[in-house]
Amino acid sequence: MTTLLILLAAAAASAPMSQPATRAEVAAQRAAVEQRFAREKAECEQRFAVSPCLEDLRKRRQDALAPLTRHEHELAAEERRARAAAQKQRVTERELAAAQDEGQRRERLLVAPPPLPPSTPASHATRARSPEEAERRRRQAADKAEADAAKRRERAQEREQRMQQRIAEHEARQKNRSKPPAAPLPLPGASAASAAR
């Protein structure tokens with residue numbers, strides 16, 4: 001990286017025109033070039049042979065603006081790289097903060113004493129663990145899941161009915177809106193026969 005900076009500094013020092021460091025400097029140099037060529041264009045238009053003078057002027061203007069345009073592109077690329085690096089840094093910092101928060105949360109969970117089980121009579125606790133109780137809970141869960149599925153199916157059918165009703169209403173409105181069909185065009189032979197009469 002430092003060798004690249006040294007090479008860039010050496011290239012900038014050896015360049016006949018100093019490279020502008022910011023977009024504002026590039027814009028100022030561009031404005032100066034445009035102003036100079038505007039004056040030369042006015043001079044060309046005063047001459048007898050205007051076209052050759054203007055063509056030469058356009059070529060020199062393009063040659064003068066080419067390094068500025070290249071430099072603008074380089075500055076834009078540097079800005080994009082800097083923005084991308086800053087965005088990457090922000091994402092990394094967010095991920096690191098999230099990982100630290102998660103680590104602290106897990107640490108708190110590990111350090112915290114386990115919650116005490118609710119105090120229940122011994123007879124209730126043993127009954128809850130019986131196979132009959134487990135089967136009853138499983139059936140209740142299955143019944144609840146089936147009821148939920150039935151509700152979802154019913155809502156889906158209602159939505160489908162509403163959609164069909166809207167479609168029918170839309171089609172009825174379209175039929176009421178449409179104009180009656182136009183009268184058919186006359187046959188080509190019929191118009192020729194009526195013209196001959």
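Mentor: Buried means under 20% relative accessible area, exposed over 50%, and partly exposed in between. The model discussed here is predicted.

Trainee: Is cysteine 53 buried or exposed?

Mentor: The relative accessible area of cysteine 53 is 12%. The cut-off for buried is under 20%. Cysteine 53 is therefore buried.

Trainee: Which residue does a disulfide join to cysteine 53?

Mentor: A search of the whole structure finds 1 disulfide. Its S to S distance is 1.7 Å, and the partner of cysteine 53 is cysteine 44.

Trainee: What is the relative accessibility of cysteine 44, and how does cysteine 44 count?

Mentor: The limit for buried is under 20%. Cysteine 44 has 3% relative accessibility, so cysteine 44 counts as buried.

Trainee: Is the link of cysteine 44 and cysteine 53 left-handed or right-handed?

Mentor: A disulfide is a covalent bond between the sulfur atoms of two cysteines. For cysteine 44 and cysteine 53, the angle about the S-S bond is -55 degrees, and the link is left-handed.

Trainee: How many helices and strands does the protein chain have?

Mentor: From the N terminus on, the elements run α-α-α-α-α-α. The count for the protein chain is 6 helices and 0 strands.

Trainee: What share of the residues in the protein chain is buried?

Mentor: Buried again refers to under 20% relative accessible area. The protein chain has 197 residues, and the buried share is 9%.

Trainee: Which helices does the salt bridge of glutamate 79 and arginine 23 link?

Mentor: The side chains of glutamate 79 and arginine 23 meet at 3.0 Å, N to O. The two residues are 56 residues apart and belong to distant parts of the chain: glutamate 79 is in helix H3 (residues 50–111), and arginine 23 is in helix H2 (residues 23–46).

Trainee: Are glutamate 79 and arginine 23 buried or partly exposed?

Mentor: Glutamate 79 has 31% relative accessibility and so counts as partly exposed. Arginine 23, with a relative accessible area of 42%, is also partly exposed.

Trainee: How many residues apart are glutamate 72 and arginine 30?

Mentor: The side chains of glutamate 72 and arginine 30 meet in a salt bridge of 2.9 Å, N to O. Glutamate 72 lies in helix H3 and arginine 30 in helix H2, and the two are 42 residues apart.

Trainee: How do glutamate 40 and arginine 36 count by relative accessibility?

Mentor: Glutamate 40 has 18% relative accessibility and so counts as buried. Arginine 36, at 36%, counts as partly exposed.

Trainee: Where does lysine 151 lie?

Mentor: Lys151 gathers with Arg152, Arg153, Arg155, Arg159, Arg162 and Arg166 in a patch of positive charge on the surface. Lysine 151 has 49% relative accessibility and so counts as partly exposed. The element that holds lysine 151 is helix H5 (residues 131–177).

Notes. Residues numbered from 1 in each chain as written. Predicted model: local features only at pLDDT ≥ 70, side-chain atom pairs only at ≥ 80, totals over all residues. Heavy atoms only, no water. Patch = residues over 30% accessible without salt bridge, like charges linked within 9 Å, V, L, I, M, F, W, Y side chains within 5 Å. Areas by Shrake-Rupley, 256 points an atom, 1.4 Å probe, with all protein chains shown as cover. Salt bridge = Lys/Arg side-chain N within 4 Å of Asp/Glu carboxyl O. Lys, Arg positive; Asp, Glu negative; His and termini not counted. Charge placed at Lys NZ, Arg CZ, Asp CG, Glu CD. Helix = DSSP H or I, 4+ residues; strand = E, 2+ residues; numbered from the N terminus. Buried < 20%, exposed > 50% of the residue type's maximum accessible area, 1.4 Å probe, protein only. Disulfide = S-S within 2.5 Å.
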